[in-house]
Amino acid sequence: MGSHRTARAVIAAAVVTAITAAVVLIMGFAWSAGGDRAQVSYNAVDMRAQMLDNGDLRITQTFDYRLESRGTPWRQMFQQYTLSSDRLTTISDISVTDLTTGRTYTQDDTVHSPSGYGDAGWDSECAGRWYIADITQSESHPDPFDPELDALTATAVGEPAQTKDVEIGWNIPSTRSAKSMRFELAMTWHGVATAYDDVVALEWEPFSALNSTPAARVTGTFAFPKGISESNSWAWLHTGAASETTRLDDGSLQFTVTDLPGGEYINVVVMAERQPTSAVSREQAGRMKQRILEQERQEARIASNARQREARGRLIIWLIPAVLALLLVVGALIGAKRACAQGRRHTEALEYWREPPDMSPAAAAALITDVMPGIQGSRDDRQMTSTLLSLVTKGAVAIYPGSAAGYRGLDLSRADCVSIGQLIASDPRREADAAGMCTLVIMPRVYTDRAGLQLCRSESALLDVLLRASERIGLPVFDFGQMQAALKDWRQGYAWLRGFEDACNAEYQALHATVPVGVGARMLGGAAMIASWLIAFIYTAAVGQVALALVISLPLLFAATFAAQLSPRQAFTAQGEAYADQVGGLMRYMEDFSEFGDRGVFDTVLWGRYMVYAAAFGISDKLMEQMERAYPQLADPEWANVHASNDGLVYWSARRRAMRARGGAFGMHGMHAGGSFSSMVSNSFSSVGSTIRDAMPQSSSSGSRSGSRSSGGGGSFRSGGFKGHSGGSGGGRGGAR
């Protein structure tokens with residue numbers, strides 16, 4: 001019993017933990033990209049920047065857009081940049097390609113307003129074109145921009161700078177929504193780098209703090225001109241989002257940023273030793289290498305200290321509920337261990353018990369659940385089915401295979417099993433009808449001599465339910481389908497069913513077989529489970545740490561659930577252990593019956609009671625298999641007519657075996673190709689209780705963190721990005737309209 005309980009506790013803990021893990025992952029996904037998802041976002045952005053010898057940048061950006069449905073269609077994508085005379089003078093050599101369709105867009109000198117066209121007009125006149133415009137004065141009324149004529153005159157760093165805001169946009173066909181639309185924007189940025197006496201430096205800011213479009217993933221590569229390697233170049237990534245950087249042997253900086261929210265920037269700072277052949281047009285006297293190195297080190301230290309302070313605060317906040325949950329888990333495990341010791345059997349269990357136990361079938365169905373955990377079928381169904389079969393063996397009711405309509409004109413209260421069996425076997429339609437339904441007959445003795453039936457309390461209560469059903473149907477003969485239909489709207493039926501359930505509970509309590517144990521362990525385990533769930537919710541929803549929620553809360557939840565499930569609810573009394581020996585021994589005897597050589601002459605009455613308790617134990621099919629092995633003669637219909645006709649349960653089980661042997665419908669379908677007649681009754685009757693009950697009246701964000709998976713040299717910080725300064729060239733921000 002202990003091993004069964006342990007296995008059940010492990011399975012329950014694993015299931016609860018797995019479900020919680022799934023919920024945490026769903027919550028994390030929904031939190032980072034779900035309910036408040038931006039109408040336009042990037043699934044991914046890939047950027048490649050090549051530094052040219054003259055200090056310009058050749059940039060190729062691939063945008064994978066996600067467009068949510070809104071009231072109006074999407075028609076225009078755009079990227080906006082800030083020109084500054086001291087870091088970016090103009091943008092030229094622009095091309096736009098729709099990577100989804102392979103279409104290369106053409107330049108348009110006019111900026112068309114998406115709101116001024118219908119779908120057909122927009123698609124025919126505007127779609128497939130790109131533009132560049134000056135939006136310094138107004139986004140809604142842009143001015144023309146010529147990359148050569150309107151370029152800014154380069155000025156030195158630190159001098160008063162002129163600025164302009166420009167927009168590069170492209171008109172797409174009217175689109176209601178899209179999970180993925182990929183475009184490539186290629187261009188050349190001029191006047192980006194500055195040559196000092198010792199180094200050439202620049203800052204490239206593809207996303208500024210003004211960018212409102214979030215991106216799930218951003219990858220980028222910054223490449224130096226030929227002659228620059230890792231040993232004579234430096235590169236830093238500034239961002240507050242989660243990031244990783246890698247330096248390659250040729251000096252290239254590769255970076256990955258995940259979960260970039262709107263309002264977060266990406267700024268790449270690079271520096272290389274000045275070469276004699278340098279052709280950078282903007283020159284400025286002075287040595288800058290050490291100043292830039294020191295500035296980046298200082299910003300890295302500031303960012304690192306800020307992360308450490310934040311991490312310490314978070315650690316304290318995270319550890320408090322985790323420690324409390326851990327204490328609850330430890331207490332629950334200790335309590336469960338003590339409860340298991342109390343619930344352990346103190347006597348050696350009987351191997352076999354050959355007689356029906358000294359208790360009602362309903363009480364046996366309840367007790368076997370405590371004796372042998374893992375019994376098939378719910379306790380309520382086993383109690384109801386076994387009690388119904390007990391009424392059959394006591395002559396209160398009779399059950400015949402088939403629907404009531406198939407017996408129209410027959411007096412089933414006087415019929416015998418042999419004649420009914422021959423009637424079914426003679427007609428294929430009756431045989432098919434017998435495959436899926438049972439008909440119940442309330443015998444006349446119930447009305448004339450109920451006391452003589454010697455019914456126990458649970459049997460009497462269930463008989464009352466059947467009598468009420470008979471009154472609603474208007475006949476003492478009805479099938480389970482008619483019964484279910486009649487009880488569907490029986491609002492008072494729940495009280496009668498509750499009477500049966502109360503009778504079952506009273507009979508079990510009268511045994512005084514168990515006492516409650518493990519209450520404290522279950523309470524502590526439940527509290528620890530709640531604490532673990534709260535931790536998972538807080539870590540996921542409040543601070544966006546899905547991984548932390550899984551790593552900390554799931555082990556605690558598993559242990560808490562295991563402790564709560566492991567702790568037995570009841571411990572056997574001395575009297576209860578004697579009863580436990582009876583039901584456990586009888587169950588083992590039924591399952592091993594065919595192995596006994598001293599079983600004796602077939603006893604119909606005894607086997608009828610065996611079938612009742614087999615239904616209470618959930619082993620009706622196993623018992624039937626044992627009976628067939630022990631008594632092969634049951635396959636002979638003539639033998640069954642002579643030796644088993646005085647007990648309906650035994651007879652119909654024997655007839656079922658004969659039908660199965662010759663492939664009849666009654667054998668193959670009604671019994672589910674191997675089930676006993678008791679199983680057929682249970683399958684037909686199991687939904688009745690549910691019907692009565694149904695009629696009862698009703699009164700990512702990942703936070704600010706850095707990753708590292710890099711190699712590099714030449715003075716670069718070999719780790720993820722850090723929250724350094726922003727404001728590099730470009731100040732990119734994009735979106736769609």
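These notebook entries record what I looked up in a predicted model of one protein chain.

**Entry 1: ground rules**

I number residues from 1 along each chain as its sequence is written.

**Entry 2: the whole chain**

I began with the inventory, which lists 20 helices and 23 strands. Helices (H or I, at least four residues) and strands (E, at least two) are DSSP runs, numbered from the N terminus. The chain has 737 residues, and 50% of them are buried. I use buried for under 20% relative accessible area, exposed for over 50% and partly exposed for what lies in between (1.4 Å probe, protein chains only). The accessible surface of the chain is about 32,400 Å², and carbon and sulfur atoms account for 54% of it. Accessible areas come from the Shrake-Rupley method with a 1.4 Å probe; for residues, only the protein chains shown count as cover.

**Entry 3: the sheet of 8 strands**

I followed an open sheet with mixed pairing, in the order E5-E4-E10-E2-E1-E13-E16-E15. Two strands pair if DSSP finds at least two bridges between them. Inside this order I looked up E13 (residues 215-223) and E16 (residues 253-260), which run antiparallel and are joined by 7 bridges. Ala215 stands opposite Leu260 in E16.

Strand E4 (residues 90-98) also holds Asp93. I noted that Asp93 is not a glycine and yet has a positive phi of about 55°. Its relative accessible area is 49%, so Asp93 is partly exposed.

**Entry 4: the sheet of 4 strands**

Next I traced an open sheet with antiparallel pairing, in the order E11-E12-E17-E14. Its edges are strand E11 (194-195) and strand E14 (233-238); each has a single partner strand, so one side of each lacks a neighbour in the sheet. E14 pairs with E17 (residues 266-273) in the antiparallel sense, over 6 bridges. Trp236 faces Val269 of E17 in this pairing.

**Entry 5: the two partners of E9**

Which strands did I find paired with E9? Strand E3 (residues 74-84) pairs with E9 (residues 163-175) in the antiparallel sense over 10 bridges, and Leu83 stands opposite Lys164 in E9. Strand E7 (residues 129-134) is also antiparallel to E9, over 5 bridges, and Tyr131 stands opposite Gly169.

**Entry 6: H9 against H11**

I then turned to helix packing. The axes of H9 (residues 457-473) and H11 (residues 493-510) come within 8 Å and cross at roughly 170°. Axes are lines fitted to C-alpha atoms, for helices over the stretch in contact, and angles run from 0 to 180 degrees between N-to-C directions. H9 is therefore roughly antiparallel to H11. Angles under 35 degrees count as roughly parallel, over 145 as roughly antiparallel, 65 to 115 as roughly perpendicular and the rest as oblique.

The contact (heavy atoms within 4.5 Å) includes Ala461, Leu462 and Val465 of H9 and Trp496, Leu497 and Phe500 of H11. By class, the contact of H9 with H11 has 9 nonpolar, 2 polar and 4 charged residues. Ala, Val, Leu, Ile, Met, Phe, Trp, Tyr, Cys and Pro count as nonpolar, Asp, Glu, Lys and Arg as charged, and the others, Gly among them, as polar.

In the loop between helix H8 (445-448) and H9 I found Gln454. Gln454 has a positive phi near 55°, although it is a residue other than glycine. Its relative accessible area is 64%, so Gln454 is exposed.

**Entry 7: H4 against H14**

At what angle do H4 and H14 pack? Helix H4 (residues 361-371) and helix H14 (residues 574-591) pack at about 90°, with their axes 9 Å apart, which means that H4 is roughly perpendicular to H14. Ala364, Leu367, Ile368 and Val371 of H4 meet Tyr579, Ala580, Val583, Gly584 and Met587 of H14. This contact has 8 nonpolar residues, 1 polar residue and no charged ones.

**Entry 8: Asp479**

Is Asp479 buried or exposed? Asp479 lies in strand E20 (residues 477-479), and its relative accessibility is 8%, so it counts as buried. Asp479 and Thr439 lie 40 residues apart in sequence, with their C-alpha atoms 3.9 Å apart. Leaving out residues up to four places away in sequence, Asp479 touches several residues, among them Gly402, Ser403, Met437 and Thr439.

Technical notes: Predicted model: local features only at pLDDT ≥ 70, side-chain atom pairs only at ≥ 80, totals over all residues. Heavy atoms only, no water.
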